[in-house]
Amino acid sequence: MRYAVAIAEEQSFTRAAERCFVVQSALSRQIKSLESELGVRLFARTSRKVEVTPAGEAFVKQARLCLHAAERAKVAAAAAHGEIRGSLTIGVIPTVTAVDVAVVLGAFRRSYPEVGIHVRTGGSDEFLRRIAAGELDVGFLGLAEGVTPRGVQARELSRERLVAVLSNDGRELARGRRRLRLEDLAGEPFVDFPEGSSGREQSDLAFDRAGLRREVSFEVNTADLLTGLVRQGLGVALVAPSVAREAPGCVCIPVSDGPVRVEYLAWDSFNPSPVAQVFVDSVPVLQPRSPSLTATTM
């Protein structure tokens, strides 16, 4: 099952063999034997290409669950004797501000050196699906206010109102004003995350509730590119205050009716592994931060 999962994920017998620390010929023999036993073809392959067949997709999906269950059994046995070991897979959105993830992971590794830590980046919606499917142990999420994580256990880490970020050249929009409103920004070109993503949802909801339309001219996947485009005067953006404070060459201005973003720590609601539960307990609980009431230049 491990070999089949590795081939499906690597889309290569060679890379799968390297990942599993086995020679390719041995891996190929095991897969052929497995296909013979099942009476189906799991992979369609040529000398240059490997694809998972429909039967292979069905097998790999269940194989992942079996492997995860086997890992949990080993972890549970060790935990019964006071040992915390096994693996921990964590999803982290690119814009986490509630905690310093690197510091949290460093402290956890020093406390539990036997745990193998794996970090994945992506979006909140993807992490929720993967946690519910047993493919991810824990996830750091960012969601719009009023949107609660479903199918998982979750703990709120922070809640903050997004602020407007403008280029230094675009500060005329806020000259002499300590705050803006969404209607002041509606006519400006926006830089934001992709449509349909949780990073974009809070801003879209805020404009919809205010009965306003806006044009998102630039869709990006990282905060660095987002603030970089703003710095070049290509648009304005709504971001978390901590992200805005780290944007050189930009002006940060509170928006009185701006969207509120809530960060969560989420994990399996049905039967979290001992490692996941220990990690969740190790993440500090912080007081929500509030945006500054005055405009600042970065």
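This is a predicted model: local features need pLDDT of at least 70, side-chain atom pairs count only at pLDDT 80 or more; totals for chains, interfaces and linings use all residues.
**Briefing: a helix pair and a buried serine**

Residues are numbered from 1 along each chain as its sequence is written, and side-chain values use heavy atoms, leaving out hydrogens and water.

**The H1/H2 pair**
- The axes of H1 (residues 2-10) and H2 (residues 13-20) come within 8 Å and cross at roughly 130 degrees (lines fitted to C-alpha atoms over the stretch in contact, with angles from 0 to 180 degrees between N-to-C directions).
- On the H1 side, Arg2, Tyr3, Val5, Ala6, Ile7, Glu9 and Glu10 meet Phe13, Arg15, Ala16, Arg19 and Cys20 of H2 (contact means heavy atoms within 4.5 Å).
- Sorted by class, that contact has seven nonpolar, no polar and five charged residues (Ala, Val, Leu, Ile, Met, Phe, Trp, Tyr, Cys and Pro are nonpolar; Asp, Glu, Lys and Arg are charged; the others, Gly among them, are polar).

**The whole chain**
- The protein chain has 11 helices and 13 strands (DSSP runs numbered from the N terminus: H or I of at least four residues, E of at least two).
- Of its 298 residues, 44% count as buried (under 20% relative accessible area, 1.4 Å probe, protein chains only).

**Ser203**
- Ser203 sits in helix H8 (residues 198-209), and Ser203 counts as buried because its relative accessibility is 1%.
- Leaving aside residues up to four places away in sequence, Ser203 touches Leu162, Asp192, Arg214, Leu238 and Pro259.

Key: Buried means under 20% relative accessible area, exposed over 50%, partly exposed in between (1.4 Å probe, protein chains only).
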